[in-house]
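Hi everyone, thanks for coming.

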Amino acid sequence: RLARSIAPEIYGHLDVKKALLLMMVSGVTRHVSKGVKIRGDINVCLMGDPGVAKSQLLRYVAMISPRGIYTSGKSSSGVGL
């Protein structure tokens, strides 16, 4: 149900929506020995044919996620992401 509620205007792509849902709930930051910190953040890179709603899905997730940041290929390569 939760995956289907992500961008409901976009039909299908249930596997992609599940991956985006897991990204939003993210992992847990762990602190291991000697002050080493392992981030629990999950990053997603969607690749595919033009016109299959990749940008729309990512914009929707960035809109509803409090820490979400949407970046495209041009802007991310310009700042070194």
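This is a predicted model: local features need pLDDT of at least 70, side-chain atom pairs count only at pLDDT 80 or more; totals for chains, interfaces and linings use all residues.

Let's start with Val-61. Skip its neighbours within four places in sequence, and you find Val-61 in contact with Ile-6, Leu-20, Met-23 and Met-24.

Val-61 belongs to the largest nonpolar core, which has nine residues. Sitting in there with Val-61 are Ile-6, Ala-7, Ile-10, Leu-20, Met-23, Ala-53, Leu-57 and Tyr-60. Which helices supply at least two residues each? That would be helix H2, residues 14-25, and helix H3, residues 54-64. H3 gives the most, with three residues. As a bit of background, nonpolar side chains in soluble globular proteins tend to be buried together.

Let's stay with H2 for a minute. H2 runs to twelve residues, and from first C-alpha to last it reaches 17 Å, close to the 16 Å you'd expect at 1.5 Å a residue. Which residues of H2 are buried? Lys-17, Leu-20 and Met-23. Those three cover an arc of only 115 degrees around the axis, so they end up on the same side of H2. And what do they pack against? Helix H1, residues 2-5, and H3.

Last stop: just after H2 comes Ser-26, which takes a positive phi of about 55 degrees.

Definitions and conventions: Residues are numbered from 1 along each chain as its sequence is written. Side-chain values use heavy atoms; hydrogens and water are left out. A nonpolar core is a set of buried Ala, Val, Leu, Ile, Met, Phe, Trp, Tyr and Cys residues joined through side-chain atoms within 4.5 Å. Buried means under 20% relative accessible area, exposed over 50%, partly exposed in between (1.4 Å probe, protein chains only). Helices (H or I, at least four residues) and strands (E, at least two) are DSSP runs, numbered from the N terminus. Contact means heavy atoms within 4.5 Å. The expected span of a helix is 1.5 Å times one less than its number of residues. The arc is that of the directions from the helix axis to the C-beta atoms.
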